[in-house]
Amino acid sequence: MAQVPQPLDALAVRTWCGLALKALGRAREEIDAINVYPVADGDTGTNLYLTVESAAAAVEAVFAGYEAGGTQRPTLADAVRAMAHGALIGARGNSGTILAQLLRGMAQVLAADGETAHTDAQGLRLALRRAADSAREAVAHPVEGTVLTVASAAADAATGAEENCAGVARAAYEGARAALAATPGQLAVLERAGVVDAGGRGLVAVLAALVETFTGENPRLTDGPGRGAHARGDAGEAPARVPGDDAHARVNGARVNGDEAYARVRADGARVPGDARGASEECAGAPANGGGPAYEVIYLLEADDAAVARLRRRLDALGDSLVVVGGDGLWNVHVHVDDAGAAVEAGVEAGRPYRIRITHFAAGDVHTTRAARPPRERVQRAVVAVVPGEGLAGLYQEAGATTVLARPGEPPASGELVQAVRRAHAREVVLLPNDADLRHTAAAAAEQARTEGVRVALIPTRSAVQGMAALAVHEPERRFDEDVVAMTSAAGATRYAEVAVAERQSWTMAGICQAGDVLGLIDGDVAVIGSDVTEIAETVLDRMLAAGGELVTLVLGDEAPKSVATHLESRVRESYLAVDTVVYRGGRQGPLLLIGVE
């Protein structure tokens, strides 16, 4: 049983985020399986998980900051603001973007300044109401039978709840669960597919975690009839009931048991029969011919309110599934369009877009029915690698690897690595984290992938140049163990270094550095401090080659001086016989220069 923080405080927010993440982790595959709206791309559960993972990480960072400073715990306002900000910058997909706005709406109430602190049941009621209203406002064309309906029902049910946070949370959960059971009757695509709304199902799981936060009990396990085999969806289900009349409800083949909705396969054997895409988009005011936009575009945007209002109108004319969430100068934009470039250009006109993600909805993957989708055969082996820049991502992809981009200051979460393993669609996967700080994250992802039947080997590469060395000797035709040993040996035989600019004053192995100093790091430790990039790079390279080497790999970032590569090549050619040099462009990779010596 979870430790129960009774008051609505920062610890309650921390507990809620942790429990919600666990709940979505358990339900992810189920939610992915019933995802048919607004696009049948089977990723709603994954997107919700990644969004909450980002929110939970932000809250943990706030607690860590206070603990490091030796001060008291963060306030409720600190925690909910961090939760909302983390969800905003980590939101994935349509469902994750809406969830981020739900959390932001709650934070606007719970962190509001005023004489009366919103730390009681009334504060939680107001927060749930604001969450539902703000999420609906963020969607260009709200549709009933979706997560918006479920959120509104939760807020409505909380209005008349008993005077404590536990009672409010349970009322919201029960209201959401009943609304979820009714979604197939509100949205034709859900009824035809025999499922409840996937986003709404995710929200019910999040609200169940809120109940457990205040009561210490998981409502899925304490709702009487929804226990045991029934709660797990095992054999021996109770007879079908009228939707919403108690803990069991069956809607056209979709069963809500406790807080769990199980997709049922219809008698004709099709999980998503008919034209699921056409029906869903017709409800959303988009073409009903199954054609639909070809791209999903998501980006963070720094812009003022007036510019965002214009952006909404521009994007609404370009496509559908438009959701714009955020505020106070930072926004998360999500839209489905045929012209991805125009959607990004609209963001540039509005402000500064970044963390741009463009996903192509491939034929037979999204805009065709799942019943007609031919199963894709798994490949035998794949390599999944984290890379720090677009240039390196291209190099890794040319070598056949599936990549996860790690932008400066934005390390990928374990869920992103698991998603990449799934994208690789292989029976065996070699995982290259390429960063010492990602070792535990990668280990967690590998463990998760193994539970899904994938054989995963984690090679603890600490730099992208070590990963390149491993990838160079990768041979899929070899036995898996032999391949992993060869790749591990190649990575281990590669010393790595980087040249970077100090962001702040700090103590290092080479002395005290100031903000703006040029640092030369060898095998992760600062070895030299200076002011000239080329001089520091030469010093680092000389120290590495003093121990010998056959091949030098240089990966230049966008901000590195153009002359540094030419200078280092000449240095190697003139001073080190029989040593070859290769140069790559890494793009925006964080360090000015990466160096590998094999």
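How do the residues of the lining of the second largest pocket divide into nonpolar, polar and charged? The lining divides into 25 nonpolar, eleven polar and twelve charged residues. Here Ala, Val, Leu, Ile, Met, Phe, Trp, Tyr, Cys and Pro count as nonpolar, Asp, Glu, Lys and Arg as charged, and the others, Gly among them, as polar.

## Basis of the report

The model is predicted: local features need pLDDT of at least 70, side-chain atom pairs count only at pLDDT 80 or more, and totals for chains, interfaces and linings use all residues. Residues are numbered from 1 along each chain as its sequence is written, and side-chain values use heavy atoms, with hydrogens and water left out.

## The second largest pocket

The second largest pocket holds about 1,500 Å³ of space. A pocket is an open set of points on a 1 Å grid over the protein atoms alone, with protein on both sides within 12 Å along at least five of seven lines; a cavity is a set of points where a 1.4 Å probe fits but cannot get out; lining residues have an atom within 4 Å of a point. Grid points are joined across faces, edges and corners, and a volume is the space filled by probe spheres set on the points.

Of the 48 lining residues of this pocket, Glu498, Ala500, Gln589, Gly590 and Pro591 are the closest to its centre. Strands β8, β12 (495–501), β13 (506–508) and β15 (518–522) each supply at least two residues of the lining, and β12 gives the largest share, five residues. Helices (H or I, at least four residues) and strands (E, at least two) are DSSP runs, numbered from the N terminus.

## Cavities

The whole structure contains seven cavities of 30 Å³ or more.

The lining has 13 nonpolar, no polar and no charged residues; its largest share, four residues, comes from α4.

## Nonpolar cores

A nonpolar core is a set of buried Ala, Val, Leu, Ile, Met, Phe, Trp, Tyr and Cys residues joined through side-chain atoms within 4.5 Å. Buried means under 20% relative accessible area, exposed over 50%, and partly exposed in between (1.4 Å probe, protein chains only). The largest core has 96 residues, and Trp16, Met83, Leu124 and Leu128 have the most contacts inside it. Its largest share, twelve residues, comes from helix α1 (residues 10–33). A second, separate core of 26 residues includes Leu556, Leu568, Tyr576 and Val597.

Leaving out residues up to four places away in sequence, Met83 touches Val13, Trp16, Cys17, Ala55, Val59 and Leu103. Contact means heavy atoms within 4.5 Å.

## Strand β10 and its partners

Six of the seven residues of strand β10 (residues 426–432) are buried. This strand pairs in the parallel sense with β8 (residues 379–387) over six bridges and with β11 (residues 455–458), also in the parallel sense, over four bridges. Two strands pair if DSSP finds at least two bridges between them.

Glu428 in β10 stands opposite Arg381, while in β11 the bridge partner of Glu428 is Arg455.
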